[in-house]
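Biologist: Could you walk me through a few spots in this model? Plain words, please.

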Amino acid sequence: MNLVIDSANVEAIKNLNEFLPIDGVTTNPSIIVKEKGDFLPLLKEIRNIIGEEKELFVQTISKKAEEIVEEARYICTTITGSILVKVPVTLEGIKAIKMLQEEGIRTLATTVYTPMSALMAAKAGAEYVAPYVNRIDNLTGNGTQVVSDIVDIFSSQNLPCKVLAASFKNVQQIQDVFLSGAHGVTAPPDLMKEIFHHPSVERDVEKFREEWLNQYGVGSNSLMSTK
Ligand code: G3P
């Protein structure tokens with residue numbers, strides 16, 4: 001199971017990487033532009049935070065396959081560690097994924113709205129596909145169903161490609177895609193933290209502590225200082 005941060009915000013990545021069992025960081029042009037800096041130093045800083053082994057996903061911006069391939073080579077020689085190149089699932093993108101696989105450059109097929117585009121990307125050699133769950137829901141489609149269909153097709157066709165579901169606006173969508181068999185999710189930091197905002201948990205923890213301090217006294221605020 002892959003748990004990936006969908007952000008290029010250095011502070012948020014530092015924080016989440018410390019608290020959660022994170023496997024990597026995904027970026028896209030919009031996410032990088034939001035941070036308002038030079039993109040290469042930003043990507044290098046993210047690499048320093050997560051280390052060389054966790055996956056860092058960087059998206060290409062060219063439209064033609066040959067230019068996408070050039071960008072992918074540039075990213076892979078400029079940023080160290082485990083890199084996945086994100087390529088949109090246009091016709092040119094699928095050609096680029098095919099070319100990149102021949103060179104041994106790892107890819108994630110992005111902007112996936114349909115099972116058929118995911119299937120083409122997987123057959124072309126993409127290591128991951130990223131279906132855009134919330135954007136599909138906004139089109140009055142069913143993002144979770146698209147994830148489920150992709151998982152089923154990959155399984156029936158024996159394709160090793162993994163489904164890294166993306167584009168979420170609430171925790172329910174994340175839970176639903178895992179129930180649909182997604183191999184992982186990439187989600188923004190605030191949404192990952194939202195998983196832990198549960199009033200019942202906060203209430204229970206407070207109560208446990210209160211009962212303990214009532215019995216053992218105010219100095220007994222850890223097991224070691226309890227007599
Ligand atoms: O990783 C893809 C993702 O960034 C798209 O998410 O929230 O912009 O639909 P969103």
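Biologist: Does K36 count as buried or exposed, and why?

Modeller: First, a caution: this is a predicted model, where local features need pLDDT of at least 70, side-chain atom pairs count only at pLDDT 80 or more, and totals for chains, interfaces and linings use all residues. Residues are numbered from 1 along each chain as its sequence is written, and side-chain values use heavy atoms, leaving out hydrogens and water. Buried means under 20% relative accessible area, exposed over 50%, and partly exposed in between (1.4 Å probe, protein chains only). K36 has 76% relative accessibility, so K36 counts as exposed.

Biologist: Which loop holds T140?

Modeller: Helices (H or I, at least four residues) and strands (E, at least two) are DSSP runs, numbered from the N terminus. T140 has a positive phi of about 60 degrees although it is not a glycine, while most residues other than glycine have a negative phi. You'll find T140 in the loop between α7 (133–138) and α8 (143–156).

Biologist: How far apart are the end C-alpha atoms of helix α4?

Modeller: The expected span is 1.5 Å times one less than the number of residues. For the 14 residues of α4 (residues 65–78) that gives 20 Å, which agrees with the distance between its end C-alpha atoms: 20 Å.

Biologist: Which residues of α4 are buried?

Modeller: Look at what covers them: the list includes α3, β3 (55–59), β4 (83–88) and α5 (91–103). The buried residues of α4 are A65, I68, V69, A72 and I75.

Methods:
Contact means heavy atoms within 4.5 Å.
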